[in-house]
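Hi everyone, thanks for coming. Let me put the sequence and the model on the screen, and then we'll walk through a few spots together.

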Amino acid sequence: MKYVFATFTKTGNLRYISHLDLQRAFTRLLLRTGLPIKFSEGFNPHPKLMFAQPLSLFQESVCEVAEFRFEDDCPAEAETLARLQAQSPEGMTFTKVEYSEKKLPPCKAAEYTLTFETALDVEAFQALFAGEMPVVKKTKTREETVDIAPLITEKSFAKTEKGVALRCVLPCGNEYLNPSYIEQFLGDKVTDMRVMREKLMF
Amino acid sequence: MNTEKYAHLLKHVEKPGRYVGGELNSEYKDPATVDLNLCFCFPDTYEIGMSNLGMRILVGCLNQMDGVYCQRSYAPWPDMEAQLLQNDLPLYALETGEPLCDFDALLFTLQYELCYTNVLNMIRLSGLPMYAKDRTGEMPLIIAGGPCSYNPEPLADFVDIFSIGEGEEALCELAELIRTCKKEGVSKEELLYRASRLEGFYVPSLYNVTYNEDGTLASFTPRREGVPATVRKRIITDMDKVYFPEKSPMPYLDVVHDRVMMEVTRGCIRGCRFCQAGMIYRPYRDKSPEGINACAMASIGHTGYSEISLTSLSISDYPRLPELVDKLLAWTEEQKVGLSLPSQRIDAFYEELMEKVMSVRKSGLTFAPEAGTQRLRDVINKNIAEDDILVACEKAFDGGRNSLKLYFMNGLPTERDEDIVGIAELAQKIVDLFYAKKRKGRGVTVTVSVSCFVPKPFTPFQWEAQNDFRELERKQKLLRDHITSRKIDYKYHDAKVSRLEAVFAKGDRRLGKALAYAVEKGQKFDAWDEFFSYENWMSYFADTGIDPAFYANRVMGETELLPWDFIGIGVTKRFLLSEKHKAEAETTTPDCRTKCSACGANTLCGGKGCSAHPVKEN
Ligand code: SF4
Ligand code: SF4
């Protein structure tokens, strides 16, 4: 048995597809390829499938990683890549396939480009990130106010046509920070935020 | 589609995935270079529309035509509607994002009466006038079809052309006609006239309707020479040659029926007297196991679905079912594809077959006795004896099942209180049957689901009045009081919803003004609990001078001209009337396979007779 890591994009209209819906579509994509996918045991067998770091609705990515398993007899990585690509829907392009004996390690952080629509210029915008950045985080059981400023690292700001773009690294895992909290913090200072996940760091 | 124009709207709706298209297997053509741009419109949510096999078939069928492009659109949920209106954007098609007002024709499918407000609302949201007479030749034609078009009259003022019967061949012919008319540059009037002369199409504006003083129909006549007095439904005669969409769009969202749906039969050999499907889809036709198997295999390959469901009005009447199931199981088990059969008939042999299939996936068992006593089952011609039901249940319990669902109806013609009590007694007998033997598990659950009888056009009960909704509510309570076991789970439908269904099912074109008025008042999604409002509807009827009881609660005369009489479904009015009389006499009629009852549907098969029972020439 082998673990397969497939890197793919989720761009364009796929940003309107939730993580749960993507999982279902991905399962069907795997079944269409005819590749020797390993199924779970039990009454309702299905391919064992995992994603490195779920992506929220309205966000795009060029670096999603899915993990699934193959039976021993499997084609070379390049062929697997081609067969996945042949079945991929609009907005999904497979860029890499890797086999491994071990499971995918946990994802530590992700790099993003956040494109804001704002009337502020780069300096004024950047200043908003200088001090504390309190947001209300909701969990299942409670709400708490946390300062997200220390979680946003390696920031670089650039001017864009309709506002400002921010390149930054946000933590994954237990500390996971959804970029939507940055939009929440900025409130009415921005009219839109587009999220592109650029890189996952393991 | 390119969603940039809609990006800021989509951010504010609950399920943006409904409005962006891009599903695998969607059809892409260049609207600028095709001759004819059509959009198939489903007047309910995306999730329900994407589950509709008929729509998948017809969209695929039209897209097979060179130079014709058929896109899709679904009723926007009110949150999206509000966004569209706020931003002054029209409703659009999912493949290209083109506004619906720029199409040559919009094709609506009418699956249930309670979607009528959504049809009008979608026309309105496209920026088009609701009334057909207010739409010019430059605007898209509004075409409608589907089960409810067998009584198209409530929508007569709004729809330009109705397609009556099965659409695979007919709609392609209509598309061809519209293409020709477009090339020739003929007027809308001329196009409609030509369409009315194609078999299977009804153009409501070409008919004159007059009424008697008591409100009943006096006459229904073509306005122009050449327009047929009777519009005959279309059917497909060779089911193995009919188009089937092996490669249809794959929804991302969790839709209602998210699996490969394989049509096995059309029509039904039984003639349950309340059942509209049983009459309008006559005669019975089926596909060969070889054909179905090949289609199923190709569909699995193109979709990656892991379930196939066989669809049919009454699948156990398909004589080659065991053969088909064996063919399918030969490869589906290996590929870990599940197979599901609809299970609405009670029959021990069928239960065995189900067991075989269910070894792959176990799902609930459902039976539809429809009535609680043998007398009433005879009236409705549901040829099931109580013993059959009990034997099948016993078998199901022995096979390890411990839950089953029974469907019944309240308010059937001739129904007495003892028939209702009979439902409770039957359910109790089934519970007792379970406990008569020592069995493993947590005990049994028998779900009793009771709907309200809605008299439907083209059934032997089309003349009947629906019970007053207060009477229906009394009967629901009566049943409640007679169910004592906690093992019986009792569910019933809202009688007020059924009443509105009855009004529109038996309605005529005078209802149009109430519909238009309701839509202007913001009424929509009537099939959804959160939007249905009986009180609103009563006020719409009152404000537009319509008496709902005239339609729902009046017994129609046997010689009365009915609003849908001009449609020819094959089955004759004489046959329906004789069935009505047999119901009154509590006598049954055999199914088509046992004996042909000369209903008239064989005339649709071009002299060959029905496949269920070839009629001998005499
Ligand atoms: S078995 Fe009866 S209820 Fe079912 S489709 Fe046939 S006629 Fe209708
Ligand atoms: S003509 Fe005879 S066999 Fe054919 S549908 Fe009618 S009753 Fe059935």
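**A methionine and its helix**

Let's start with A:M92: setting aside neighbours within four places in sequence, A:M92 is in contact (heavy atoms within 4.5 Å) with A:F8, A:T9, A:L14, A:L22, A:F26, A:L29 and A:Q85. Before going on, a word on the source: this is a predicted model, where local features need pLDDT of at least 70, side-chain atom pairs count only at pLDDT 80 or more, and totals for chains, interfaces and linings use all residues. Residues are numbered from 1 along each chain as its sequence is written, chains are lettered from A and ligands numbered from 1 in the order in which they are written, and side-chain values use heavy atoms, leaving out hydrogens and water.

Is A:M92 buried or exposed? A:M92 counts as buried because its relative accessibility is 3%, where buried means under 20% relative accessible area with a 1.4 Å probe, protein chains only. A:M92 sits in the loop between α2 and β4 of chain A; helices here are DSSP runs of H or I, at least four residues, and strands are runs of E, at least two, numbered from the N terminus.

Now to helix α1 of chain A, residues 19-33. How many of its 15 residues are buried? The count is 11, among them A:L22, A:F26 and A:L29. What covers the buried residues of α1(A) includes α9 (289-303) of chain B, along with β1 (2-10) and α2 (77-86) of chain A. After α1(A) comes A:G34, with a positive phi near 70 degrees.

Definitions and conventions: The expected span of a helix is 1.5 Å times one less than its number of residues. Buried means under 20% relative accessible area, exposed over 50%, partly exposed in between (1.4 Å probe, protein chains only).
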